[in-house]
Structure formats: C-alpha cells, structure tokens
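The exercises below go through side-chain contacts one kind at a time. Please try each task before reading its solution.

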Amino acid sequence: MKRTQNEKILQIKNETLVVGIDIAKKIHFTRAFDNRGIELGKLLRFENSAQGFAAFDAWLQGIMQKHAMTEAIVGFEPTGHYWFNLGDHLQVCGHKLAIVNTNHVKWARELDDNTPSKSDRKDPKTIAMLVKDGRYRDVYIPVGVYQELRELVCERERLQERLGALKNQIVRWLDIYFPEFTTVFKDWSKQAARLVLRNFSTPQKVVDAGAQEILRTWREEMKRPSLKKAEQLCLVASQSVGRTEGTRASISNLQFIMTEYELLIMRLESLKEQMAECLSQIPNAHHLLAIKGMGVVAVAIIVSELGDISRFTDPRQLIKYAGLNLRENSSGMHKGKTTISKRGRRRLRHGLFQTMIPILATNSEFRALHKRNITRSQNPLTKMQSLTALCCKLLRVTFALLTKGIAYSPEKLAIAQAA
C-alpha cells in the first residue's frame, strides 16, 4: 500500500486523468482535470443506474481519447453507502479509486472563490484537486469471503442494536406492570424468568396459577427448577403495585417483543456459525483463535475490517488504519495532551477494545503486560493508556500470525515483554 503523500502524488502522471465525483443517492456530478489542475471536458450529471454508469463511461473515455490519457483516478467522499454501487462499477472497469476526507473537502472548498458555499458544480473540482495533491487514501473494496465476513459483522452489529432496544422495552414493561419481578429474577433474560413472562405475564396471572403450576411449567423446559423461587414469585406478585389497567394490550405487546427477542438470539447464533465458516476459509485466521480470550466474533470483526492482510507491509499501517496512532497538540512552549487520532476504522477500533476486556480477564501474558505498563517506575501509563497500547500490541501479533502463518506462542510474547 502506498501511504506517503509523495508516493501518491507520483502516481498522478501526465497521462493520468483526475476525476472528482460528488456522490448522492440518485444523481452524481463529476468533473475531470489533468495533473496540473486544468479542467478537461464539461460537468457531467449522471444517475445512479446502469444507464447513468454507461453515460459516465462514455464521457470518461471520450475525454481520455481526446487528450491521450491512458489511465484515470477517480476520487469521491465516503458518503455512507451511496458510493458502493458506483465503486464496484469503477473497480470492474479498472480505474484507480481514491477517497478524500469529508472535512478536507469542507476546508478546501474556499480556496477557489474564497466563500464557504457548496454546490454540485464546486464539490467535484474540490475533490479532484485534493486527489491531484495526494490528499486521499486508497479505496479497498473487499471481495469474496472478506466481503461475506464484513456483511456478517455489519448484520450482527445491527441486530445487537435492535436487541438492546428490545431489552429496554422489556425493562420498561416490567417497571410499569410488574416492578417486583426483578427482586426474584436478577436477570429477566434467563430461562426461568422468560418462561414466566411467556406464560404468567402479570402479577394476577402468577397469583392465579400458584407456585405448583409455575413449577410444573418450569419442569417441562428446565432440569432443576426451584420451588422456593416459585413461592417467592407468588408472594411478591400478591403484593405488587403494578398497573392493572390496559393489561390485555400490554400482554400482547410483551409477547410480541419476547418473540422478536428470541428470534434475534437465534439469528445471532446462526451468524456466529457463519462467521466461523468464513474464518475457516481465510489463510491463517485460525491462529488468532488460539489467543486465549479471543472468540469467533472478535476474530471475525478484526479480520473483516482488515480485509486481505497482504495489502499491508508493516504493522504500523494497521495501527493507523484503526485510528490508534498517537497525535500531539503542541505549539511553541505549550505541550498539549497526546491522544489517539481516531481517524480510521471505527468498528475495528471498537472491536479491539471490546476484545481486550476478556483477554485481560483470561490471558496471563497480556495481563502481565498490562500490569507492567501501569506499575513501571518510569512514565507509568493509566489503565486506559495501557489498554490502548495493548490493542496496538494485539494488532502487531495479528499481523505476524496472518502474514507469516506461524502459531501463536505465549512464550514469545513473554520473552518480548522481558526484553
């Protein structure tokens, strides 16, 4: 991967056509320039459709033939998911793709006319000039199993958000209609509690059924139900202060929420199995599962975000890609606070932090590194700083395992720590 600005600028030759596209949901606008910033051709407005893509191809080829251009580099902003279809089309056509930072476009917009105005004609030029000056990053569109894995991870993230919303709805329902329920069951999502919510939703239904009927219901699904807990539930239900009006509609709502919750749990389990299947097809991914504390989901998140590891040449690129590289805020005599840049793959960065928590709980070698970081005599780190450093360490280990195909060795990590 070419990373430095000089290397990016050197890719823009005399025979390279620089194209800027302002991407939207339905209509895109594009302009083309040479390597000196001279505009070639007129502004094109084309639709996000097969006919629109064909019109863009004809426009682009016409300009390249007229000015003896042999290659094109197409730049655009990462506007949500709107660029996916066009990006796939451009990649199939063999064009180089470049993504420019949205903030860079905003800041550079005033350079031409000294106004912050934004228009469909202005933005394509601003984007193209940023590409011409090497102020862009390479576009990576995963293919094959990497794209499958990324889709699974994205779907899991969406389901987890929905699952959280459903949990909040059930807690709200219990607060209103059966507030004493949580004094008996600390976690309503456990099997016994869910069976009660399914069959004896309200305090009145619990009292009418009695402890023996609740116990009988539990025995159909559970191995060792507790009569004592059933009696305790009946006791608190008889003294409940929950609302009694509108219960028929509220019970129907609860059952619907419970059904959706259970379907989501089943879907998440299915996604985990599919993730494991995809990881089995990725070279050396199984070595990451040997790290104590890392499960299938954690490995799937990291590998799906990194994609094909062969496009990286150094583990420091992975750290920057995750937005974990340090940035300094200093000027003159002022020494500002050093923090991570957070300019990278948010899901990868979040996944690393979420993974590090169970690793520190179960992995002795990483726990030893954490202890050394926060207790060393010179420049000890805070717990959060140490956690960030360990995420970077995990990326270095990941790079070594995936690129070299070697097995994970706790002993090697311990030796590196001692050194």
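**Exercise 1. Charges over rings**

Which residue lies over the face of Tyr-140, and at what distance from the ring centre?

Solution. The rule to apply is that a charge sits over a ring if NZ of Lys or CZ of Arg is within 6 Å of the ring centre and within 35 degrees of the ring normal. For Tyr-140 the residue is Arg-311, which lies over the ring face at 3.6 Å from the ring centre. A further case is Tyr-136, whose ring has the charged end of Lys-8 over it, 5.3 Å from the centre.

Before going on, note that this is a predicted model, in which local features need pLDDT of at least 70 and side-chain atom pairs count only at pLDDT 80 or more, while totals for chains, interfaces and linings use all residues. Residues are numbered from 1 along each chain as its sequence is written, and side-chain values use heavy atoms, with hydrogens and water left out.

**Exercise 2. Aromatic rings**

Describe how the rings of Trp-173 and Tyr-177 are arranged.

Solution. Rings of Phe, Tyr and Trp (its six-membered ring) pair if their centres lie within 6.5 Å, and planes under 30 degrees apart count as stacked, over 60 as edge-to-face and the rest as tilted. By this rule there are 10 aromatic pairs. In the pair of Trp-173 and Tyr-177, the centres are 5.1 Å apart and the planes are at 35 degrees, so the pair is tilted. Helices (H or I, at least four residues) and strands (E, at least two) are DSSP runs, numbered from the N terminus. Trp-173 and Tyr-177 are 4 residues apart in helix H7 (residues 145-177), so about one helical turn separates them. Both of these residues are buried. Elsewhere, one aromatic cluster is formed by Phe-178, Phe-181, Phe-185 and Trp-218.

**Exercise 3. Salt bridges**

Where do Lys-96 and Glu-71 lie, and what do they tie together?

Solution. A salt bridge is a side-chain nitrogen of Lys or Arg within 4 Å of a carboxyl oxygen of Asp or Glu, and the count comes to 15. Lys-96 and Glu-71 form one, with their closest N and O atoms 3.7 Å apart. Because Lys-96 is in strand E5 (residues 96-99) and Glu-71 in strand E4 (residues 71-76), the pair ties together parts that are 25 residues apart in sequence. Lys-96 is partly exposed at 31% relative accessible area, and Glu-71 is partly exposed at 21%.

A second salt bridge joins Arg-158 and Glu-155 at 2.9 Å, N to O, and these two residues both lie in helix H7, 3 residues apart, about one turn of the helix. Finally, salt bridges that share partners join Glu-157, Glu-305, Arg-345, Arg-346 and Arg-347 into one network.

Conventions: Buried means under 20% relative accessible area, exposed over 50%, partly exposed in between (1.4 Å probe, protein chains only).
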